[in-house]
Amino acid sequence: MNIPEQQTKRELENLLPLVNVVFLLLIFSMVAGAFSSPELFVIKPTVAENDTQADPQILTILVNQQGELAINQDIIAEESLPAIVNSYLDNNANSKVQLKPDAGTEALRIVELLERLADSDLDAVHIMTSAFE
């Protein structure tokens, strides 16, 4: 009578390094994903058909639903916006400014900000939106 051999302890030990590697990769991916720095405001951009990518050298002005402004992780007053933009343009030749409003921001608020930015030395302001799906 043939009795099947049972798996030896040695064969099961060969799986242990593989399991260790899988868990290390899982832990690494969880830790690496947690190191991204969030923006100051939670911004849900509006949708547009133009799908251009953002340039990291561009000054980005964030606008949340309540109309508050932020630049470089700092909340700023609307009155100081033209001075801040002019200072940025003086220090960074041929640079651009983009406005990143939340989708819930009222259109009149965006128009007010564009009029406020007209007081600065800007040639153009780019309004960021998400791609149309």
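Val19 sits at 38% relative accessibility, so Val19 counts as partly exposed. Val19 belongs to helix α2, which covers residues 16-33. The model you are looking at is predicted, so every value below is computed from that model.

**A nonpolar patch on the surface**

- Val19 is one of the members of a nonpolar patch on the surface.

- How many salt bridges does a search of the whole structure find? The search finds three.
- One of them joins the side chains of Glu78 and Arg109, with N to O at 2.7 Å. This pair links distant parts of the chain, 31 residues apart: Glu78 is in the loop between β4 (74-76) and α3 (81-91), while Arg109 is in helix α4.
- Arg109 has a relative accessible area of 17%, so Arg109 is buried; the cut-off for buried is under 20%.
- Glu78 also forms a salt bridge with Arg116, and here the closest N and O atoms are 3.6 Å apart. Again the pair links distant parts of the chain, with Arg116 in helix α4 and Glu78 in the loop between β4 and α3, 38 residues apart.
- Arg116 counts as partly exposed because its relative accessibility is 26%.
- Glu112 and Arg109 form a salt bridge too, and their closest N and O atoms are 3.5 Å apart. Both residues lie in helix α4, three residues apart, which is about one turn of the helix.
- Why can residues three or four places apart in an α-helix point the same way? An α-helix has 3.6 residues a turn, so such residues point the same way.
- Glu112 is partly exposed, with a relative accessible area of 42%. Through shared partners, salt bridges join Glu78, Arg109, Glu112 and Arg116 into one network.

- Which residues of α3 are buried? They are Leu81, Pro82, Val85, Asn86, Tyr88 and Leu89.
- The buried residues of α3 pack against several elements: β2 (59-63), β3 (69-71), β4, β5 and α4.
- The face turned away from the buried side carries the exposed residues Ala83, Asp90 and Asn91.

- Asp102 is found in the loop between β5 (97-101) and α4 (107-117).
- Is Asp102 buried or exposed? Asp102 is buried, because its relative accessible area is 7% and the cut-off for buried is under 20%.
- The side chain of Asp102 reaches the backbone nitrogen of Gly104 at a distance of 2.7 Å.

**Lys96 and its contacts**

- Lys96 lies in the loop between α3 and β5, and its relative accessible area of 46% makes Lys96 partly exposed.
- Which residues does Lys96 touch, not counting residues up to four places away in sequence? Lys96 touches Ile58, Leu59, Tyr88 and His126.
- Lys96 and His126 are 30 residues apart along the chain, and their C-alpha atoms are separated by 7.9 Å.

- Most residues other than glycine have a negative phi. Here are two residues with a positive value.
- Asn72 is not a glycine, although Asn72 has a positive phi of about 50 degrees. Asn72 lies in the loop between β3 and β4.
- With a relative accessible area of 61%, Asn72 is exposed.
- Gln73 is placed in the loop between β3 and β4. The phi of Gln73 is near 65 degrees, which is a positive value in a residue other than glycine.
- Gln73 counts as partly exposed, because its relative accessibility is 46%.

Note on methods. Residues numbered from 1 in each chain as written. Predicted model: local features only at pLDDT ≥ 70, side-chain atom pairs only at ≥ 80, totals over all residues. Heavy atoms only, no water. Helix = DSSP H or I, 4+ residues; strand = E, 2+ residues; numbered from the N terminus. Buried < 20%, exposed > 50% of the residue type's maximum accessible area, 1.4 Å probe, protein only. Polar contact = N/O pair within 3.5 Å; in protein donor to acceptor, adjacent residues only side chain to side chain. Salt bridge = Lys/Arg side-chain N within 4 Å of Asp/Glu carboxyl O. Patch = residues over 30% accessible without salt bridge, like charges linked within 9 Å, V, L, I, M, F, W, Y side chains within 5 Å. Areas by Shrake-Rupley, 256 points an atom, 1.4 Å probe, with all protein chains shown as cover. Contact = heavy atoms within 4.5 Å.
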